Amino acid sequence: QVQLVESGGGLVQAGGSLRLSCAASGRTSSSDTMGWFRQAPGREREFVASISWSGSVTNYAEAVKGRFAISRVYAKNTMDLQMNSLKPEDTAVYYCAVRRSLRAVYDYWGQGTQVTVSS
């Protein structure tokens, strides 16, 4: 089992920045992929970004490319999401998740953290 806890959400004005963090514990593996997803009210959950355990491979949704940056902080065993130039449409609950190697789906999820961007 893997336990994930997100932190860093909050309320920010459009154009501002927030940094989310996801602390991982339990049976993590160096072959895992970690990712961020978000879900806005009335919408389906969508992919935001992902990073390999080594940090060498990253992927971003088109909507956040150039504004968000995903990273690993190995000393703390966390995954961070730096969000810049935030827009009202970025408002959502943000979830971190872990996908095991060779799996097509993410198996472990955090409880989510709310990000609200005011116009």
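Select arginine 100 and aspartate 32: both are buried, where buried means under 20% relative accessible area, exposed means over 50%, and partly exposed lies in between (1.4 Å probe, protein chains only). This is a predicted model, in which local features need pLDDT of at least 70 and side-chain atom pairs count only at pLDDT 80 or more, while totals for chains, interfaces and linings use all residues. Residues are numbered from 1 along each chain as its sequence is written, and side-chain values use heavy atoms, with hydrogens and water left out.

Stay with this pair. The side chains of arginine 100 and aspartate 32 form a salt bridge, at 2.8 Å from N to O; the term stands for a side-chain nitrogen of Lys or Arg within 4 Å of a carboxyl oxygen of Asp or Glu. The pair links distant parts of the chain, 68 residues apart: arginine 100 sits in the loop between strand S9 (92-99) and strand S10 (108-109), and aspartate 32 in the loop between strand S3 (18-26) and strand S4 (33-39). Side chains of opposite charge can pair when their charged atoms come close.

Next, select arginine 67 and aspartate 90. Their closest N and O atoms are 2.7 Å apart, in another salt bridge. Arginine 67 lies in the loop between strand S6 (58-60) and strand S7 (68-73), and aspartate 90 in the loop between strand S8 (78-83) and S9, so the pair joins distant parts of the chain, 23 residues apart. Both arginine 67 and aspartate 90 are buried.

Move on to glutamate 62 and lysine 65, a salt bridge whose closest N and O atoms are 2.8 Å apart. Are these residues buried or exposed? Glutamate 62 counts as exposed because its relative accessibility is 63%; lysine 65, at 44%, counts as partly exposed. The whole structure holds seven salt bridges.

Finally, show the whole chain as a cartoon. The protein has zero helices and eleven strands, counted as DSSP runs (helices H or I, at least four residues; strands E, at least two) and numbered from the N terminus. Of its 119 residues, 42% count as buried. The C-alpha atoms fill a box of roughly 40 × 30 × 25 Å along the principal axes.
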